[in-house]
Amino acid sequence: MEDLFVLAISCIFINNILLAQYLGNCPFLGTSKKMETAIGMAMAVIFVLVMAGGLTWIVNEYLLKTLDVEYLQTVSFILVIASLVQFVEMFLKKSIPALYSGLGIFLPLITTNCAVMGVALINMKEGYSFLEAIVASFAYAIGYGLALILFAGIRERILLARVPKPLQDTSIGLITAGIIAITFMSFKGMV
Amino acid sequence: MREMISMIVVLTVLTAVSGGLLAAVKSGTEVRIENQVLKFQKAPAIKELFPKATNNPLAERFTVKDGKTEWQIFPTKLPDGSKAIAFETHGIGFAGPVGLMVGINLKTDHIVGARVTTHSETPGVGARAKDDPTFVSQFAGMSLDKKFAIKSDGGDIDGISGATFTSKGVCVAARQAKEIYRKLKPEILKQIK
Amino acid sequence: MAQSLAKEFTKGLWAEIPPFRLVLGLCPTLAVTKTVENGIGMGVATAFVLVFSNLLVSMLRNLIPSKVRIACYIVIIATFVTIVELLMQAFTYPLYLKLGIFIPLIVVNCILLGRAEAFASKNSPILSLADGLGMGIGYTLALGALGGVREIIGHGTLTFWGGTPVFEMGAWFHPFAFMIQAPGAFVALGLMLCFMNLMGKQ
């Protein structure tokens with residue numbers, strides 16, 4: 001239990017998927033201009049990442065390992081993630097329309113969010129057990145959401161500031177992200 | 001309906017071709033990959049551990065099974081005639097896994113030496129564990145009964161200053177090596193010539 | 001024909017160079033550009049996948065039903081990514097170790113799916129090949145440049161294959177270790193984008 005807690009903390013803060021492992025940056029910059037979209041994206045990532053983390057673990061353990069075809073990991077994981085996203089989208093549309101209207105437009109974007117694929121690959125590389133993989137996926141997703149929402153808050157303010165023309169938009173966004181990354185670096189050594 | 005069928009057919013054919021192609025590339029590169037792993041990851045460490053080896057530990061390697069995991073064992077003969085083996089274990093450092101090649105004397109159960117093989121630690125800080133062998137050479141000559149942990153954790157190893165996590169990771173790998181060795185020694189002795 | 005071919009090829013080198021102009025494929029751009037060598041290695045690996053996936057997607061564009069096109073593109077891309085991964089393990093093992101998890105992650109690099117969907121699915125194989133080559137080379141140049149800047153400031157050296165640095169800053173220079181760590185990656189790329197904006201599109 002204590003180990004799982006330590007794992008979760010280190011996945012949220014120390015090895016923050018965005019700011020320390022550099023994964024999922026395209027949607028990070030794309031959806032952080034407004035707080036509303038940032039929250040939507042964060043929720044969608046949490047939702048999909050946990051399911052993808054569990055599913056890819058099962059595929060790897062019971063399909064790829066038993067058949068001894070672990071070199072097909074990349075192909076099978078991306079197919080699992082893509083079809084999972086599609087399935088979640090259809091399911092939400094039919095059964096929970098309220099949630100769908102909130103997350104809907106972010107779901108297709110998640111297929112190419114390398115955070116999802118990245119976490120699946122990290123889980124395999126670290127040799128996590130099923131429970132650990134789920135906890136790690138959830139914690140990584142929380143870390144992603146945390147960074148995204150923090151960043152969106154700052155970005156909304158930057159809109160009001162007078163930024164030199166060549167630095168506008170993505171450029172200043174990346175520099176801001178760099179400064180947030182510095183603050184996250186200070187979590188190192190916590191565990 | 002026709003559209004449905006064409007969708008299924010196209011996807012099935014595509015994945016089948018993909019699987020077949022990958023299997024072919026995999027079997028074509030398998031031997032080369034294994035050699036590359038040996039050459040770049042394990043050979044340099046083994047050479048440093050057993051500088052006077054009269055045999056070729058890489059060529060005489062064998063595997064020992066512990067449950068599902070296979071351990072690659074590299075046997076050699078030390079200058080004094082006693083037999084020794086080396087194998088690689090892993091611990092978690094500051095930025096990811098740290099590989100440690102540990103050499104153990106089969107007669108005295110003492111550590112012959114240890115070398116870091118792979119790591120992704122910060123250059124100039126944790127990376128010193130590999131670049132500057134003073135830290136890992138502390139293991140040389142130690143009995144397996146010693147406590148492989150850094151002094152602040154109550155062990156017998158001086159950590160690298162500024163790189164506590166790397167030092168701890170290396171110690172974890174060393175403890176794993178001790179455990180594996182104790183467990184698999186009978187099996188290793190059976191297979192060794 | 002030759003004119004449009006040249007146009008498709010050169011647009012990837014400056015006017016639409018990823019990731020500076022097309023802000024796509026940021027993760028590897030940030031993660032592996034600690035040194036110029038890693039940057040170029042990653043760029044070449046991505047370019048290889050991009051060229052072949054563009055070519056194949058374009059050749060199959062009339063066969064693939066539109067409803068499952070994304071899935072088909074993903075299978076094609078993932079296949080070439082795995083081939084690159086295996087080939088790198090077999091032939092450039094030290095580089096493979098350095099790039100690590102980011103090689104399989106080429107599969108989710110948005111440049112690949114982006115080019116397949118936006119260009120290769122609508123154009124002839126020859127044009128798609130030119131597009132893929134241009135974008136691939138542009139991406140390699142961009143990653144190499146970013147890697148070079150970060151390596152010079154972060155390490156004080158510039159090292160290509162062979163091990164000996166081709167350029168050293170001298171003893172007076174204290175390397176900024178900040179530049180080769182995560183925050184430095186974001187800041188360096190942000191400043192690089194600013195520089196590209198200053199230079200203009202022509």
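Buried area is the accessible area, taken with a 1.4 Å probe, that two parts lose on being put together, summed over both. The model used here is predicted.

**Exercise 1.** Describe the interface of chain A and chain B.

*Solution.* 
Step 1. Begin with the area: chain A and chain B bury about 730 Å² between them, and 73% of this lies on carbon and sulfur atoms.
Step 2. Identify the chief contributors. A:Tyr71, A:Glu126 and A:Lys188 supply 50% of the area that chain A buries against chain B, more than any other three residues.
Step 3. Classify the residues on the side of chain A that touches chain B: 5 are nonpolar, 1 is polar and 3 are charged.
Step 4. Count the residues in contact, which are 9 of chain A and 9 of chain B.

**Exercise 2.** Describe the interface of chain A and chain C, and state which helix of chain A supplies the largest share of the side that touches chain C.

*Solution.* 
Step 1. The contact involves 34 residues from chain A and 38 residues from chain C.
Step 2. About 3000 Å² is buried between chain A and chain C, 84% of it on carbon and sulfur atoms.
Step 3. The search for pairs across this interface gives 0 salt bridges and 3 residue pairs in polar contact, both at pLDDT 80 or more.
Step 4. Four elements of chain A, namely helix H2 (25-30), helix H4 (73-95), helix H7 (114-126) and helix H9 (170-185), each supply at least two residues of the side that touches chain C.
Step 5. The largest share, 9 residues, comes from H9(A).
Step 6. By class, the side of chain A that touches chain C has 24 nonpolar, 10 polar and no charged residues.

**Exercise 3.** Determine the strand order of the sheet in chain B, and explain why one side of E1 and of E5 is left without a neighbour.

*Solution.* 
Step 1. In chain B, 5 strands form an open sheet in the order E1-E2-E3-E4-E5, with antiparallel pairing.
Step 2. Strand E1 (62-66) and strand E5 (111-116) of chain B stand at the edges with a single partner strand each, so one side of each has no neighbour in the sheet.
Step 3. From one strand to the next, the twist averages 30°.
Step 4. Examine one pairing: 5 bridges join E1(B) to strand E2 (residues 69-77) of chain B. Within this pairing, B:Val64 has B:Trp71 in E2(B) as its bridge partner.

How values were computed:
Residues are numbered from 1 along each chain as its sequence is written. Chains are lettered from A and ligands numbered from 1 in the order in which they are written. This is a predicted model: local features need pLDDT of at least 70, side-chain atom pairs count only at pLDDT 80 or more; totals for chains, interfaces and linings use all residues. Side-chain values use heavy atoms; hydrogens and water are left out. Contact means heavy atoms within 4.5 Å. Ala, Val, Leu, Ile, Met, Phe, Trp, Tyr, Cys and Pro count as nonpolar, Asp, Glu, Lys and Arg as charged, and the others, Gly among them, as polar. A salt bridge is a side-chain nitrogen of Lys or Arg within 4 Å of a carboxyl oxygen of Asp or Glu. A polar contact is a pair of N or O atoms within 3.5 Å; within protein, one must be able to donate a hydrogen and the other to accept it, and residues adjacent in sequence count only if both atoms are side-chain atoms. Two strands pair if DSSP finds at least two bridges between them. Axes are lines fitted to C-alpha atoms, for helices over the stretch in contact, and angles run from 0 to 180 degrees between N-to-C directions.
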